[in-house]
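Visitor: Please put the sequence and the model on screen. Then I will ask about the details.

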Amino acid sequence: DMGPQGIGVAFALCGLITASVQAGGIWLVARRLSEISQVCVGFAAMGSGLLLLPLADSLPVVFTTIGIFVVGSALVAPSLLALIGSWSQSEAGLATGLQGSATYLGQIIGPLSAGVLFAWRDTLPFLFAAILMLAASGWLVWRHRRWSYAFEKEIT
C-alpha cells in the first residue's frame with residue numbers, strides 16, 4: 001500500500017516527467033518525428049504504461065509504468081495542438097472546439113466507466129484504457145501511411 005507519502009511521490013514524479021518532456025524533451029523528439037508520429041508514439045506509450053500497470057508487483061515497477069504513461073501523455077498534448085495549429089484557421093477552430101468537447105466528455109464518461117469496470121474487476125479500467133490507447137496509435141499509424149501514400153501518388 002502506497003499511503004499518502006507514496007501517492008505524493010507518484011504525483012511529484014508525474015509532474016517532473018511532464019515538465020521535463022514538455023520543457024526540453026519534446027524539442028529533441030520533434031527534430032526526429034513529425035507531429036503525427038509523436039502522437040502515435042505518445043498513445044503507444046500511454047497504452048503500454050496502462051497495460052503494464054496491473055502487472056506491477058513492486059513500487060519501483062509501479063513508478064516505472066506510471067512514468068511510461070506520463071511520457072506518452074506529455075508527448076500527445078503538445079503534438080495535438082501543433083497539428084491543429086498547422087491547419088487552416090477555420091479547420092483549426094473547429095478541431096480545437098472538438099478537442100475541447102472530447103476532453104470534457106472524457107472527463108465525465110471516463111471516471112464513470114472506470115468505476116463500473118473496477119466494480120466488475122479491478123484490472124479492467126487499465127486494460128480497457130490500454131486497448132483504446134493502443135488502438136488509437138495503431139489507427140493513426142495506418143491512416144498516416146495511407147495519407148502519405150496518397151500524397152506521394154498525387155505528387156508523382
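Visitor: Which helix holds Val 21?
Guide: Start with the terms. Helices are DSSP runs of H or I with at least four residues, strands are E runs of at least two, and both are numbered from the N terminus. On that count, the place of Val 21 is helix 1.

Visitor: What kind of model is this, and how are residues numbered?
Guide: This is a predicted model, where local features need pLDDT of at least 70, side-chain atom pairs count only at pLDDT 80 or more, and totals for chains, interfaces and linings use all residues. Side-chain values use heavy atoms, with hydrogens and water left out, and residues are numbered from 1 along each chain as its sequence is written.

Visitor: Is Val 21 buried or exposed?
Guide: Buried means under 20% relative accessible area, exposed means over 50%, and partly exposed lies in between (1.4 Å probe, protein chains only). The relative accessibility of Val 21 is 13%. Val 21 therefore counts as buried.

Visitor: How are helix 1 and helix 3 oriented to each other?
Guide: Axes are lines fitted to C-alpha atoms, for helices over the stretch in contact, and angles run from 0 to 180 degrees between N-to-C directions. Angles under 35 degrees count as roughly parallel, over 145 as roughly antiparallel, 65 to 115 as roughly perpendicular, and the rest as oblique. The axes of helix 1 (residues 3-30) and helix 3 come within 8 Å and cross at roughly 40°. The two helices are therefore oblique.

Visitor: Is the crossing of helix 1 and helix 3 left-handed or right-handed?
Guide: A crossing is left-handed if the near helix is turned anticlockwise from the far one by less than a right angle, and right-handed if clockwise. For helix 1 and helix 3 the crossing is right-handed.

Visitor: How many charged residues are in the contact of helix 1 with helix 3?
Guide: Ala, Val, Leu, Ile, Met, Phe, Trp, Tyr, Cys and Pro count as nonpolar, Asp, Glu, Lys and Arg as charged, and the others, Gly among them, as polar. The contact of helix 1 with helix 3 has 16 nonpolar and 5 polar residues. The charged count is none.

Visitor: What angle do helix 2 and helix 3 make?
Guide: Their axes are 7 Å apart. The packing angle is about 155°. That makes helix 2 roughly antiparallel to helix 3, and their crossing is left-handed. The angle again: about 155°.

Visitor: How many charged residues does the contact of helix 2 with helix 3 have?
Guide: This contact includes 15 nonpolar residues. Another 8 are polar. The charged count is 1.

Visitor: Which side chain joins that of Gln 38 in a polar contact of 2.8 Å?
Guide: Gln 38 sits in helix 2 (residues 35-52) and is buried, with a relative accessible area of 4%. A polar contact is a pair of N or O atoms within 3.5 Å; within protein, one must be able to donate a hydrogen and the other to accept it, and residues adjacent in sequence count only if both atoms are side-chain atoms. A polar atom of the Gln 38 side chain lies 3.0 Å from the backbone oxygen of Leu 33. The side-chain partner at 2.8 Å is Ser 79.

Visitor: Is Ser 79 buried or exposed?
Guide: Ser 79 lies in helix 3. Not counting residues up to four places away in sequence, Ser 79 touches Ile 26, Glu 35, Gln 38 and Val 39. With a relative accessible area of 1%, Ser 79 is buried.

Visitor: Which backbone oxygen lies 2.9 Å from a polar side-chain atom of Thr 65?
Guide: Thr 65 is found in helix 3. Thr 65 is buried, at 4% relative accessible area. The backbone oxygen belongs to Val 62.

Visitor: How are helix 3 and helix 4 oriented to each other?
Guide: The axes of helix 3 (residues 59-85) and helix 4 (residues 89-120) come within 8 Å. They cross at roughly 150°. The two helices are therefore roughly antiparallel.

Key: Contact means heavy atoms within 4.5 Å.
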